[in-house]
Amino acid sequence: MRDVIMLVVSLGIILVGAEAFTNSIEWLGQKLKLGAGAVGSLLAAVGTALPETVVPIIAFLGFREGTEGSDIGIGAILGAPFMLSTLAFFITGLAALIFRRSNEPLKLDTKVVQRDLQFFLFVFTIAILASFLGNQNYKTIAAWSLILAYVIYVVLTLRSNRGGHKEEKLASLYMARKADDPKMTAIVLQITMALVAIVFGAHGFVNAVQPIAADLGIPVFVLSLIITPVATELPEKFNSVLWIMRGKDTLAIGNLTGAMVFQSSIIPAIGIALTSWKLDTLALWSAFLAVGSAIIPVFSLRRKGAIHPTGLLMGGVFYLMFILTVLRFPSH
């Protein structure tokens, strides 16, 4: 019962933090004169990726002997893009259908989203192929390639958003409700406090879920691949749902796709550098499903020039496929 209460309280904290974060990150984007694409794909994506970024680093550095730390870290690294491209897509598509009661195409900056997804497929493929490299020097080259790719991605995203900024009436900053033009210090302070709340809530969620998972006999790798990312990816899911509700589709989808690029480049580079980076069958299967789910909106953008909510719902199918695999082969 105690774990259930902690679970509910943690979810509440994450939701409050996500609401404060979306509010302040929009103001930051307006202050920096950035378009919705850059705000969603860079500012929001990297900010909400902090909780799941910390998990693998702590896992790698916290275990000096044995493979448990490596298993937790690699599971968390692969679990992030897997959750974003499957479950998060599904939730976002479902939110669009519920709040709009139609399957009309999302109102997106299609160039931004398509670039995000293509970069994700590129860097994630490199990260997976690095597992098959026998020489550690080659793996180091792969790690640096991932970092370089992300730098190029950031530059291209910022360039494409030049002139794309539009002044819009935003909801008052929560920490400066009476200010029509809040100061940067207030915006940064609210972002910081929101991120602290998100990290705290995600930590509490994991602590509440882990005992339940342990009682059910779920292996460490599966726990880190499914349970931990469900908690740490909640900020992205909550943020995207909030933005979908407000008709800000580029922010909603860019928040997910931008995080997918970050989680498939910078974080795997750390894993490749700090571990032997050998992925087993289940890890490779999760990566294959993540890629498969991400390809669907890419094809939709190329063929129709748009993404429909029902197309995002397909992410739930890929997520279910992995869960069924785990249930069928629980001895992993």
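Arg101 sits in the loop between helix 4 and helix 5 (110–129); helices here are DSSP runs of H or I with at least four residues, strands are runs of E with at least two, and both are numbered from the N terminus. The model is predicted, so local features need pLDDT of at least 70 and side-chain atom pairs count only at pLDDT 80 or more, while totals for chains, interfaces and linings use all residues. Residues are numbered from 1 along each chain as its sequence is written, and side-chain values use heavy atoms, leaving out hydrogens and water.

**Exercise 1.** Work out how many helices and strands the protein has.

*Solution.* Step one: count the elements, which come to 13 helices and zero strands. Step two: read their order from the N terminus on, α-α-α-α-α-α-α-α-α-α-α-α-α.

**Exercise 2.** Decide whether Arg101 is buried or exposed, and do likewise for Trp277.

*Solution.* Step one: recall the cut-offs, with buried under 20% relative accessible area, exposed over 50%, and partly exposed in between (1.4 Å probe, protein chains only). Step two: Arg101 has a relative accessible area of 78%, so Arg101 is exposed. Step three: Trp277, in the loop between helix 11 (266–274) and helix 12 (281–304), is at 0% and therefore counts as buried. Step four: look at the backbone. Most residues other than glycine have a negative phi. Yet phi is positive at Arg101, about 55°, and at Trp277, about 50°.

**Exercise 3.** Describe where Thr257 lies and which residues it touches.

*Solution.* Step one: find Thr257 in helix 10 (residues 249–263). Step two: its relative accessible area is 1%, so Thr257 is buried. Step three: list its contacts (heavy atoms within 4.5 Å). Not counting residues up to four places away in sequence, Thr257 touches Ser41, Phe89, Val113, Asp116 and Leu117.

**Exercise 4.** Find which residues have the most contacts inside the largest nonpolar core.

*Solution.* Step one: such a core is a set of buried Ala, Val, Leu, Ile, Met, Phe, Trp, Tyr and Cys residues joined through side-chain atoms within 4.5 Å. Step two: the largest one has 79 residues, and Phe21 and Leu106 have the most contacts inside it. Step three: helix 4 (residues 68–100) gives the most to this core, with 11 residues.
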